[in-house]
Amino acid sequence: MNNKCAVILAGGEGKRMKSDIPKPMNEVLGKPMLRWVIDAVKAAGIDDICVVTGFKTEVTEAYLDSLPFAVSHVLQSERLGTGHAVMMAKDFLNEKGGDVVILCGDAPFMDTETIADAYNDHNESGASATVISAMLDDPTGYGRIVRNADGTLKNIVEQKEADEATLKIQEVNSGGYWFDTADLLSVLDNIKANNFAKEYYLPDALYLLLQNGKKVGAFTAQSPDTVLGANDPAQLAELNEIARAKGY
């Protein structure tokens, strides 16, 4: 059994949230979204967790340090994208090895079952990386999952770069991934910020692995809610409604 660890990205400010705390510290049913993700990871049997903090890091760090179990944290002092955030956790990844699940700290319904099932799929298929996807009735705004004929991942196309045929795809990127840690580390420093936002994007690691002849898979979550996050107070209220309806 490979050892498993988790990196949770929680550096976002969430300007539209109109709150002065880090976005993942906003609460769903009285619990920070970040804690929902940590609890799901722990329930999946993963105890080695590293949270990448950023905006108002002291708020997140104080919360993590108050938990009844150990969670490491590293600071991403400049927010230069998801790939850059994972680079901040390089020492943690080097130390832990095995396989790593990388998740967004503001997607509270990424559940234990999805994390565990995606790992089993990742492990059994012998993939270097496995992106966790979901099927949405309205995929607008999300990166689309484009698969090869054999079901492996061909591409993730962002909304603004998608042609008409790609826009019809309803399978989207949740922002959660399993990686073989050594394979991830082998390409992490090769991610380039040659895009409009001058940011380092984690999905670029998938393309680099594919270029190196590695296998990249996609695992479809049972529930479309796994991709849900909140960018403003209205969406946060909606997450609270969904959580209540689900009986959490």
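Phenylalanine 109 is buried in this predicted model, with a relative accessible area of 2%. Its ring is paired with that of tyrosine 248, and the two are stacked, with 5.9 Å from centre to centre and 15° between the planes. Phenylalanine 109 belongs to the loop that runs between β6 (99–104) and α5 (112–125), while tyrosine 248 is found in the segment after α9 (233–245); the pair therefore ties together parts that are 139 residues apart in sequence. Tryptophan joins in here as well: ring pairs link Trp36, Phe109 and Tyr248 into a cluster.

A search of the whole structure turns up 5 aromatic pairs. One of the ring pairs is formed by tyrosine 177 and phenylalanine 179, and its geometry is tilted, with the centres 5.9 Å apart and an angle of 35° between the planes. Tyrosine 177 and phenylalanine 179 are both buried.

Aromatic rings also meet charged side chains. The charged end of lysine 4 is placed over the ring of tyrosine 119, at 4.5 Å from the ring centre. In a further contact of this kind, lysine 42 has its charged end over the ring of phenylalanine 69, 4.4 Å from the centre of that ring.

Technical notes
Residues are numbered from 1 along each chain as its sequence is written. This is a predicted model: local features need pLDDT of at least 70, side-chain atom pairs count only at pLDDT 80 or more; totals for chains, interfaces and linings use all residues. Side-chain values use heavy atoms; hydrogens and water are left out. Rings of Phe, Tyr and Trp (its six-membered ring) pair if their centres lie within 6.5 Å; planes under 30 degrees apart count as stacked, over 60 as edge-to-face and the rest as tilted. Helices (H or I, at least four residues) and strands (E, at least two) are DSSP runs, numbered from the N terminus. Buried means under 20% relative accessible area, exposed over 50%, partly exposed in between (1.4 Å probe, protein chains only). A charge sits over a ring if NZ of Lys or CZ of Arg is within 6 Å of the ring centre and within 35 degrees of the ring normal.
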